[in-house]
Amino acid sequence: DDVATLGEYFKANSAVLRNCQYINFLDGCGLTLPIHEAGRAPAGLMIAGAAMSDARILAIGLAVEAHLRAG
């Protein structure tokens, strides 16, 4: 049934976007690093900053990723 499928899509889409919608509304930038263990439910660590801070957010993301890999 297309309506059920479309409804499920909008429900899932809303759940995925709810965490970043505030950052986007404020014209910020952000990224999410996957932090879940293999075989476990997906989880992510969101790193966010003000508009035009893309390079800084990416640098922080790389540092956090390296720390998680080393730990």
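Student: What is Gly 49 in contact with, leaving aside its neighbours within four places in sequence?

Tutor: Gly 49 touches Gly 28, Cys 29 and Ile 57, where contact means heavy atoms within 4.5 Å. This is a predicted model, in which local features need pLDDT of at least 70, side-chain atom pairs count only at pLDDT 80 or more, and totals for chains, interfaces and linings use all residues. Residues are numbered from 1 along each chain as its sequence is written, and side-chain values use heavy atoms, with hydrogens and water left out.

Student: Why is Gly 49 called partly exposed?

Tutor: Buried means under 20% relative accessible area, exposed over 50%, and partly exposed in between (1.4 Å probe, protein chains only). Gly 49 has 22% relative accessibility, so it counts as partly exposed. Gly 49 belongs to strand β2 (residues 44-49); strands are DSSP runs of E with at least two residues, and helices are runs of H or I with at least four, numbered from the N terminus.

Student: Nice! And what makes Phe 10 partly exposed?

Tutor: Its relative accessibility is 47%, so Phe 10 falls in that class too. Phe 10 sits in helix α1 (residues 2-17).

Student: Why is Asp 27 called exposed?

Tutor: Asp 27 has a relative accessible area of 54%, so it is exposed. Asp 27 is in the loop between α2 (21-25) and β1 (29-34).
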